[in-house]
Every structure is written in C-alpha cells, then in structure tokens.
Amino acid sequence: MCPEHWSLLPHYHYVDRITGRYDGYYDTNLGRGCTGPCTLAITEAQTWSHKWGASIGFSKDPVSATVGYDVTYSSTQTFSYSFPVNAGETKVVIQRDWYHVTNMEVRTDWLYCTSVNCSVVSQEFGTAWAGQWFQRIFRAERV
C-alpha cells in the first residue's frame, strides 16, 4: 500500500526516466519590513526541507530512490540577517530558498491478482519532480 494515496487495487510505482536537472528557487515574503531609518535584523531558528510532487497519485519512495535522498527530509538551522534601511525608504525581507531540481517521467502499473499470479491491467503515466534544498538567501527589497 502507498502511504500517499489509498486504493483497493494492488499497484506499483516506477520512475521511468529523468527528463532534466536544474537549480531553481522559491521566494517568500516574510512579512517583516520597516520604513527607515531603521534596521531589519534577526537571528532565529528556521526549518528548511526538501520538496517533491507528482502529477498522478504516487509514492515518494521511488522518487527518493531515483534522486538519492529523502525528498521529505527537513531540518532546523539558525539563520541571521541585518539590513539597514535609509530614511524614507520602505523595505521588506524576502527569503529565497534554492533547490537542485530533478524532473522525471513516472508511471503506476495497476494489477489484477489471482491466487496464482498478477498481471498489469492498466497503466497511468505522469510526471514528478524532486527538489533538494541547498541554500537560503535573504534580501531586503524596496516596496
């Protein structure tokens, strides 16, 4: 059984091939800002995590095996930043998380099983991706 989705029919998930690799990022507005003169500064523990997704119901295990790391792993790390903001300027803090991204073609084989054997009765094809977190960068952006 797959922990990511439930089905009465037995099935197996496969990564058929890797279709590309690149580095990409997500930007998040942290909702912290000020109008100068001021300083945007903090030191705090924050969580980061690897990411993954699929266009069909799928299990993380074949994706993790293909890329060589646990796609659901997360950890906590201490991060710091300090940005001076000039008089009359308004700035907010943007967090940019960088990932090594792998794109894949995936499939699910649906089976019909008897007491003697199982045979594939249908296949579902889709895509999946995995992102291995590797860096967090903060910047102060003008509003």
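These legends go with a set of close-up views of a predicted model. Local features are shown where pLDDT is at least 70, side-chain atom pairs count only at pLDDT 80 or more, and totals for chains, interfaces and linings use all residues. Residues are numbered from 1 along each chain as its sequence is written, and side-chain values use heavy atoms, with hydrogens and water left out.

View 1. Strands (E, at least two residues) and helices (H or I, at least four) are DSSP runs, numbered from the N terminus, and two strands pair if DSSP finds at least two bridges between them.

View 2. Pick out aspartate 23 and you'll find its bridge partner in β5, histidine 100.

**View 3. The largest nonpolar core.** This one has 12 residues, among them Cys34, Trp48, Phe79, Val101 and Phe138. A nonpolar core is a set of buried Ala, Val, Leu, Ile, Met, Phe, Trp, Tyr and Cys residues joined through side-chain atoms within 4.5 Å. Buried means under 20% relative accessible area, exposed over 50%, and partly exposed in between (1.4 Å probe, protein chains only). β2 (38-49), β4 (74-85), β5 (90-113) and β6 (118-142) each give two or more residues to this core, and β4 brings the largest share, with 4.

**View 4. Around valine 101.** Beyond its neighbours within four places in sequence, valine 101 is in contact (heavy atoms within 4.5 Å) with Gly20, Arg21, Tyr22, Gly24, Trp129, Ala130 and Gly131. Ala130 itself belongs to another core, of 10 residues, which also includes Val63, Val67 and Val71.

**View 5. Two loops.** Glycine 68 sits in the loop between α1 and β4, and counts as exposed because its relative accessibility is 64%. Its C-alpha is 18 Å from that of tryptophan 98, which is 30 residues away in sequence. In the loop between β1 and β2 lies proline 37, joined to glycine 36 by a cis peptide bond with omega of about 10°. Most peptide bonds are trans.
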